[in-house]
Structures are given as C-alpha cells and as structure tokens.
Amino acid sequence: MTAVPVNAVQSVPDAIESPGRRAWRRLKARKSALFGLVVIVLLVIMAVFAPQIAPYDPIKQSWTLVRKAPSAAYWFGTDEVGRDLLSRIIFGARASLSAGVISVGIAILAGVPLGLLAGYAGGWVDGVIGRLTDAMLAVPFLILAIALAAFLGPSLGNAMIAIGVTATPIFVRLTRGQTLSVKNEDYVEAARAVGNPPIRIAVRHILPNILPALMVQATLTIATAIIAEASLSFLGLGQQPPLPSWGSMLNSAQRFLSNAPWMAVWPGLAIFITVISFNLLGDGLRDALDPRSK
Amino acid sequence: MRPLLKALIAATCLAASGGAALSQSTIRIGLAEDPDVLDPSLARTYVGRIVFASLCDKLFDIDEKLNVVPQLALSHATSDDGKQVTIKLRPGVKFHDGEPMDAAAVKYSLERHMTMQGSFRRPELSSVDKVEVVDPLTVRLDLKAPFSPLIAQLTDRAGMMVSPKAAAEAGDKFGQKPICAGPFKFVERVQQDRIVLEKHADYWNKANIHFDRVVFQPIVDSTVRLANLRSGQLDLIERALATDIKEIRANPKLKLASVVELGYQGVTMNIDNKDAGKTSLGQDPRVRQAFAAAIDRKAINEVVFNGEFVPGNQWISPENPYFQQSFPVPGRDVEKAKKLLKESGVKLPVTVDFMVPNGPETRQVAEVIQAMTAEAGFDVKIRVTEFATSLIQAEQGNYQAYMLAWSGRTDPDGNSFIFHACNQPQNYGKYCNKDVDALLTEARAKNGIEARKPIYEKATKILQEEGSVLYLYHRKVLIAHSDKVDGYRQMPDGLVRLTGTKFK
Amino acid sequence: MLSLIGKRLLQLIPTVFFVSVIIFSLQQLLPGDPALIMAGEEKDPEVIEQIRKQYRLDQPVPVQYLYWMKGVLSGDLGESMRIKVPVADLVMEKLPVTLQLATMAMIIALVIGVGLGVVSAVKQGRAIDYAVNVFGLIGISTPNFWLGIMMIFFFAVHLGWLPASGYVSPFDDFWASMKTTIMPAFVLGNSIAGVLMRHTRSAMLQAMSSDYVRTARAKGLSEKVVIIKHAMRNALTPIITLGALEFGTLLSGAVLTEQIFTIPGFGKLIVDAVFNRDYAVVQGVVLVTATTYIVLNLLADIGYILVNPRLRG
C-alpha cells in the first residue's frame, strides 16, 4: 500500500462513527473491493450512456463486412451479420447488467421477507415455507426458468422475472437461517421486551445483521443470473433480436468458434469482468459490513 | 513419470489401437439429433429416416435424379383408371429374423401402417382402400381414387416392410427392437448415446454391403460433431454447417458430399387465421409483395451461409425438374417495395409480428430480413419462440409472419398440397383459394411430369401473386466424411445410404 | 438426536409432495400441446385425438396428477411418449452415467476448490490470495460450453490425446471410460471449484479468527497443526453442506456440458423432454433427481449434526 499520512485529527473515533460511514471507510481500505466498485460504476456509466459512447449503431448490419477480424475501424471486429461488436458489447451491458441486478433484486424482495417470516414466526408457517423452498431448490434451476420464461413469453423482462423467481429460494433459506441465529440474541430479546412490533424488530435489528451474508450471496447470484440469461437466450427466451445481450452474443458466437473466435472472446471477457467485479465488491462489503470484524 | 506408469499407459494405448485394427469394420456416423422411436409406423423425425435407411428397406427407392427405382419390389403398374396399383416383389428376400418377405408380409406391413394406433403413415396411405395378395410375389393396392404420388410415398417410411411375426409379438414396443429387411439389423440402442446395427447376413444385396457394423451417435453441437470427424472418432457426419464448408474443403483428410434439399425455407403469412390475419399484411397482397421485394435472397445466402445454399422462390429448388422456369428467382427491388406500399395506402411503418422458431441460423436469417425490410418501410418485430411453443401459436394464429422450414418430399405434391389447399394441416395462414385447390387436386390425379408440370405452373402463378408463402432458400444437405470412406453416393433426400460404400 | 433425524426424515414427505406438485404445474405452464408435437408434420386430427386419449391429456390436470401419483406409488413412472420406453428404464440407464460424471466432477472440485480456498485464507491479503481468487472467479465466470469446446479443440483435435466426445462405461473399459469423462468432469468441476473455493476461504477465515484457534495458537502449536487440525476441521461443515448441494445440482444441471460432450446423462434427457413436451419423462426424471437431491441434503444435515455436537438438542 502506498504510504498515506494518517491525519489523526480527521480520523473519527469508532465509538461515534455511524455504521454506514464505518463500512465505507473499511471498503475504501480494500483495494480489490474498490477496484470492483469502480469497474461496476464504469460499466453502469457505459450502459447508461451507451448511445453516446458506442462508435456505431449496434443494430446496423453491413452485409459486406460479415465476421471480420478486429481492425482499426472495428476494434472488436464484426459479428455474423456485419454489426460492430464493440458497439454491441457497450449496448449489451444494458441487458446483461439489468438481467443480473434486477433478477437478484426480485429474488431478494421476494426471498428476504419470506425468510424473515419463516425464521421469526416458526411453527407451521416455517414448515410450509421451508418445505416449499426445499422443493423449489430440488427442481433443476434451468427447468424452472425455462418453464417460467416459456409461459411468460420470450422477452428480456420475462427472463429476469423467471430467473428472479428461481433464485428466490436461496434467499429464503439464507435469511431464515440468519434470522434464527440472531433471533435469540440479547439485543433482539431486549427490543422485543420493550414492546417493539415484530416488523420493526425485523427491519431494525435482524436485517442489519444478516446483511453481510446477503451481500455475498447477492453478488454470487448476480453472476449466476448473468450466465442464466445467456442460457435462456440460447433457448430463445431472453433478449430478443436485434438488441444485444452478452449472453446472446456468446451464444451466436458458438457456431463460429473455429472461424471467428473473436466473436466469443469479447462477450466472454465482458461477462468475466462484470462477474469478477461484483464478486470482489461482495467480498469487500462482507468484510466491511461485518460488525464483528475490526 | 514413473516407469511402471509409463509402461501401463503404453500398454493401454497399444491394446486400444491393436483392438481397433483387429475388430470388424465399423462405420461410425454422427447424427445431429437423437432419433425418435424406430418403428416405421410411429416414427416422425427426419433424423430417424437416416437410421431407417440402413435398417429398413422399402418397396421402392429413389436415385440421384429422383426417379423411382426398385428395392424390395421389382416393378409397379397402374391400371388405366388409375385405381389399381400392382406391385411385383423381389423373390428370396428375408427379414432380419429369417421370416420371408413376401406378399403376405407386404399386406401385413401396409395394413399395419394404415390401422395401427398412432400411426403417422395413415395420412400418407389414405388413398389406399385395400391391399390384396395376388400371389406370393404380387400384391395389388386398390385405391379410393387415382393418386399419383402414392409410389413416391412407398419410397419412404410408408414403403418400409416389417416382419409380421416380430411386429405381431412386439405390438407398440416394436420400435425397441425393430425387425425389418434392410442391410443392417438392430443390435442395441442407448438413448442419446448410440444406436448399433450389424450386418444382415441374408440381405438380398449383401454383395454391396461392406461394413460389419454401423454405429450412429447423436452429437447435437455442430462444432463438436465436426471436431469428432476431424479427430477420427467418427467416419461420417450429417448436417455440417454451411459456414464450416471452407474448413472441410481445406482439410485434405475430409470429403464433402452435398446436394440441394428437397424442402425449402420460407415465411408463412397469416392470411386468415384469427385476428392476426386481419392486418394489412394478411389482407393486401400488395403489402406481401412489397415485403418480398424488399428481400435480397442472394444476400441472405451470402451473409448467413457463405453463399453455399440455393436462393429460391418456389416450393422446390431451381434444380428440381418441377421448377417453373417462367418464374425465375427475383432480385431485390426496394423501390418497387416502396411503391407497392404507397399504392396500398398503408400507414408506415408497417409493423409485422414475426415468429421465428429458435435456432442459431433461423435467427440470423430473421435478423437480416428485419434489416432488409426496414429499408422499405416495415418494422419487423422478431419473436424468437421455442419450437414446441411456435407450433401451437402457429396453429392458433398467434403471428403475422412465421418462419417455416419444410424437410421436403420426393413428390412435389408433398411440398404443396398440405400447405396451400384449404384447411390442410400445414396451411397455418388459412390461405384458401378454390382455383388453387382445384389445380392441386387435379395434379394428384395425373401421372408423369409432362402432364403435371403445366398444372402446377397455373397454381404457381396464382400463389406468386398472392404471396401466402414467401419462399427464401433451399439448404444443402451437407455430409462430411473422412477420406477413407470410399464410394459414398448422396441421394437428394439427404439420407445416408451405405450400399456400395466401403473403407479404402 | 435420533428424534431429530426422524423429524427430518418426516419432512421429506411434504417436500417430495411439493416437488411433485411443482413438476406437474410446470406442464401446465409450458405452452404447447404434446399431442400436436407428437403428431409430426402431417398432423392427422385422428392421430392427435388418439394420442390425447392414450396419454390422458383429455382429462383435467388433477385427474392426470392422481393417475400419475398412483403409478409412481406402485413403482411405475409411466412411458415416454416420444420413444415409447418406460421412464424407469431410462432412469436406470442414465443413473450410472450421471453418478459417475457427478462424482468425478465433485472430486475435481473438492481438490481444486478446498485446496485453493485454504491456501488463499492462510495467505490472506498476499499476492497468492489474489491470484487464487482470480483463478476461482475464472472458474465461476467461464461458460461451460465455451470451456468445453476449447478443451475439445485442444485435447482432441489438436493433440489427439482424448476422444472429442461420447461415453464408455467403466465396466466395459475402465481407461476408455476415464478418457471420455475426464474433460466434461473437469469442466463441471471447475465451475464448482470456484464456489467451493470462496466458501472455503471465508469459512477458514472465520475459523482462524475464532477463539479456539486463538487458544490453539496460544498453546504454542505449530501453524500447520493449527490450520489442519483446528481451523480446517471447523471450516469443513459448510463445505460438506455446500458440496452436497452442488452434487445434487450436478445430477440434473449439467445440461450444456452433457450436450457438448455427448454424455447421455439426466440433464440432457430432461431438457430434451421439456422441448419435446414428453411429460412423463420430465416428471419421472425430475422426481428422481429431486428426491436424490433432498436425500443428499438430509445426509449432509445429519453429517453436520454429527460433527457439530453443539447443534444436538
């Protein structure tokens, strides 16, 4: 690490530092996590400002420039109908990032409350939610997703819903387990004793404690979701042509692996960098949010 | 590496290679899909027909020029009124179980095709009223009405003969161990892994069979299929990709056999199937003509298939004798398309719900069409749909344009009647024109290309104007094999026949 | 403790019941008419009608479910519509293949994943930690089909060391079997190794900062002993749970890898059946793999209880 002089005056003592501030300070101290965060921010900027950044129209075909290797004019080469791959990678970030983030968002929104409910209520509620989660986890992920996506109709949005629903049981299970382990801690007992309503207890006392584990799982699942979108679009159930997603680009590259390998390299690399960044950030967040660690 | 381990590996390699050299000659064939049930009456898939070509002989076969030639039968004669077909059988033919292949067996097999529960041959033989045994080597088919495509039907699954004894014993389980009269008999099948056949010792044409065993292996991924051929795991693969042809030709150890398919690739327009047919595309032929004029068939072929396929505008390819030369494949004409749209007075852009069954190549073609028609004023929305779903949606009229592939039949009737006649099963757009109906029915009753082609020409003229199906191109059947496979001949139906083929 | 295991065993029943309901609802969700798909290109209405009757597709779904349940309870999983073979036969045919591939993949995943996870935890924050992390992430984020095809090009086509695809049973020829399964097993194992590595790392880190490891260190035990005897043992429990989960997923989730390497296992069978709307196969095979998955989970839980006496109660 480069030597940064520590200014004792500016550094705030732990005792009065808010949890958010503390987490941010810790996160900043981890170069790898910071790297992940920076890359993700850059990817988001790329997705949002895709029309301004992309050198060409991502759906403009030129039939005389089919499957051309990278060149000065087309840095990443062209695809199977002569579209600029760089522009498609830039626009594809929109589909792939949202496929990852939104489907995990859906899974968290559905899974965390259910998990809290199961863990907090116990009894038959826990039993039913628990068995249903087990059952959903036992059915192959791809089969569930295919069935849901085929039922909802082919589109990127529906693919996200399908992936989100299928990923929900993981979050139910995780939240329930974490809830059970903190439910009987003294501070939760105390909060209950002074008459706090269950929802308040769940949100104020239990949720913050399970956040680190949730973060790690979320970043891992974002990776799975991005790859799941690729599988679904392989089956025609994801992003619809001509708009790009990295997954569908990778899939169309499959037929040309031997005669146009660059077509697979860029989307593969894009997925890789995104997944790695989310994971690095997730690791950092876990450490930063863990109230037990320094 | 430790010496012992080294020796062990060397020994294993030796054993493996020695074993291969000593074993009988086995040809290994890579299929693009896993076939369905191996019962000629119940089978439905194209890939299954490739296996049947080695397993079950038919009454008749086709040659390179699509002529009907004898196989299990020697000849056929149609009565003057066209309602009786007499078939002479080849003497001395035996099924794999040693039972004789005689007139009684033919009667049994045909009746099985016609009556068995769930038989897909029933519609193919629907013109047959009854089958009579004249003598042990002669059968007579009595028809309900004259039907010239019948003999062509008997060159495919409907003409496959099964051992009556085995079929009666096995019932609907016959497909698990089929007993036919083909050059190879069934040994074993592991689903999604392999189908093994071995030489039929009593085969009528055994002098021309040079392999002891045939192993079919379904390998879905085309890149992997080709890799297996290149590494010597397979001797022959079917359905190589057009975009891989260059690589195959460049490889001195590989050979390519190709032929234009009997079928076609096209776009079916929804004319009158529920609400989606009530749009300008469905109602106004000019809009459909504009759509067609905006498409550059040659460019599609160049972009997606490296120029290896054959652009087309009819239900048979330009190489087929039934191709109507008076309607040549048109070039692209965007101005004409724009003009037609203007004449029809539709509001631009014309949105089109384009249902595309999922598949890497169809998807690519759809994207090119989307870009081409956009220049004329169409806004095509591609809806990639998994195949099984697309079938029901086509049936329910839930599309405006539907990308459809047809594997093709030997007789032109099989490529036209069920697509264009009113209320026929493949007529998804519910196109219905009494004149076309009458013409297609008339062609069914006439024999010979001289009599039938002019009738089809009239039908083609109407259909070209109405544009209920937009024909795009004809694929090539691409069979790649290693250079040690010698004497392989490709027939136009794309199936793999091993008669006369051997290892060098 | 026995009562706890008994209770978990009892929980199996509702879970498997829910699984059967989910699978059956899937068939309602999927658009498309199996009879129409079965009817092939000619689509004779009579044939379609017959297929509907034969497979009871004309009956209401709950009735179909009851018929199916009745069959399942008497050991009959039904018959494949597409190839007219009993589903139970298909299951028996694919089970050894799937088990072999899953086991090999799991061994590879455990060796790579746990090994690297421990190294990375011990060397936390050093260069090797980052290197190992990146390696693990490459495993997670490389699509299986891509890695698979690359390996085929390199090992089968270029070097000619291994067959490009196919499957040989180890009972027919052990070495040939290893040769045909090593690449797919590596591809599958590699993707799991990354996940295992990350969880091992965090479990190890947690274990190493725990009181008993501190105590062990304070007692002056060597670092090696502390890591292997104390930290690793405690980090093992989450690895067992995760391992069981991943193994269960391998039973049915190796679809694309099976397709690339043409391994006739469960994953490909199920997905093909979904696309052919061969309901009996989907239902039967998913029921079998799901039940196996649930039982594996149960075994992992029991193992968890056994090594973690504190949880007994």
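Two strands pair if DSSP finds at least two bridges between them. Strands are DSSP E runs of at least two residues, helices H or I runs of at least four, both numbered from the N terminus.

This is a predicted model: local features need pLDDT of at least 70, side-chain atom pairs count only at pLDDT 80 or more, and totals for chains, interfaces and linings use all residues. Residues are numbered from 1 along each chain as its sequence is written, and chains are lettered from A and ligands numbered from 1 in the order written.

Chain B holds an open sheet of six strands with mixed pairing, in the order S14-S18-S13-S17-S15-S16. Its edge strands, S14 and S16 of chain B, each pair on one side only. Inside the sheet, S13 and S17 of chain B run antiparallel and share six bridges. Thr268(B) has Tyr402(B) in S17(B) as its bridge partner.

| Strand of chain B | Residues |
|---|---|
| S13 | 264-269 |
| S17 | 401-406 |
| S14 | 310-311 |
| S16 | 378-385 |

Chain B as a whole has 16 helices and 21 strands. Its C-alpha trace spans about 80 × 75 × 35 Å along the principal axes.

Contact (C-beta atoms, placed from the backbone, within 7 Å) links 14 residues of domain 1 of chain B with 18 residues of domain 2 of chain B.

How values were computed: Two residues are in contact if their C-beta atoms, placed from the backbone, lie within 7 Å.
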